[in-house]
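Hello,

Here is the structure I promised to pass on to you. Have a look at it first, and then read my notes below.

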Amino acid sequence: MISSTGKLHEFISPSITTKQLFDLYQKTVGVDIWNSHYEKMQEQLRKQKDVNRNLRREIRQRMGESLNDLNYEQLEELMENVDNSLKLIRERKKMQEQLRKQKDVNRNLRKEIRQRMGESLNDLNYEQLEELMENVDNSLKLIRERKYKVIGNQIETYKKKVRNVEEIHRNLLLEFDARQENPYGLVEQEGDYNSMLGFLNGGPRILALRLQPNNHNHHHHHLHSGGGSDITTFALA
């Protein structure tokens, strides 16, 4: 039985198969439910045969056969397609050859590395072992020389750093000694006063001195030198 939802429910005795049930249904109703399905299958089979026949004809044409039914344009198109196919096949072959050679090179390189590590030596004869031993010995010498060179370069670099630090230390000591010996700076004329201001923060302590006549009164401190002028001091810091 087929429900309203389209589901098939079987209500038959175990001795009757589903096909017998449909055959009985067709006989009772008087319709052939297999006919339309059979026709669709026949149509699909016919289409597949046509596709198969066209593909086989194209293959024969690409092999240079069955060309009598082709006109000039079709032959020209076929020749171009075959030529492109030939180029692709040639490129693929070349790539495969390069890949094979590269694999051989890599295999030989791995074998050489193992031999230089003291492995895979059973296939080598006396002359090959002698040559391998000489090559490994030369490699050891080169590696040792490079190692010593790197160590020497590092030592030179550290020496330069030490010399730079010592130079900085020496300059700092000289600057410190100079500040202890001469804590003041002298400006002989008032016009040079501004040029000495830059030493207030980074240089020694500066006093600006200006010569003054004896007959003027000032509120500044004076230093007498025994002559006709006084020296006036200006503390800058």
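**Salt bridges along the helices**

R100 and D104 sit four residues apart in helix α3, so about one helical turn separates them. Helices here are DSSP runs of H or I with at least four residues, numbered from the N terminus. Before going further, please keep in mind that this is a predicted model, in which local features need pLDDT of at least 70 and side-chain atom pairs count only at pLDDT 80 or more, while totals for chains, interfaces and linings use all residues. Residues are numbered from 1 along each chain as its sequence is written, and side-chain values use heavy atoms, with hydrogens and water left out.

R100 and D104 form a salt bridge, with their closest N and O atoms 3.4 Å apart. The term means a side-chain nitrogen of Lys or Arg within 4 Å of a carboxyl oxygen of Asp or Glu. By this rule the count comes to 11 salt bridges. D104 also meets R107 in a salt bridge, at 2.4 Å from N to O, and these two are three residues apart in α3, so again about one helical turn lies between them.

How exposed are these side chains? R100 is partly exposed at 42% relative accessibility, D104 has 22% and R107 has 48%. Partly exposed lies between buried (under 20% relative accessible area) and exposed (over 50%), with a 1.4 Å probe and protein chains only.

On the surface, Y25, V29, V31, I33 and W34 form a nonpolar patch with about 450 Å² of accessible area together. Patches take residues with over 30% relative accessible area and no salt bridge, joining like charges within 9 Å and nonpolar side chains (Val, Leu, Ile, Met, Phe, Trp, Tyr) within 5 Å. The areas come from the Shrake-Rupley method with a 1.4 Å probe, and for residues only the protein chains shown count as cover.

Helices α1 (18–29) and α2 (33–62) each supply at least two residues of the patch. Y25 belongs to α1 and is partly exposed, with a relative accessible area of 45%. The 12 residues of α1 should span 16 Å at 1.5 Å a residue, and its end C-alpha atoms are 16 Å apart, which agrees. The expected span is 1.5 Å times one less than the number of residues. For α2, with 30 residues, the reach is 45 Å from first C-alpha to last, close to the expected 44 Å.

**Loops and confidence**

S66, in the loop between α2 and α3, has a positive phi of about 55° although it is not a glycine. S120, in the loop between α3 and α4 (126–181), likewise has a positive phi, of about 50°.

Finally, the mean pLDDT of the protein chain is 78, and 70% of its residues reach 70 or more. pLDDT is the predictor's confidence in each residue, from 0 to 100. It stays under 50 over residues 190–211 and over residues 216–231.

Best wishes

Technical notes: Contact = heavy atoms within 4.5 Å.
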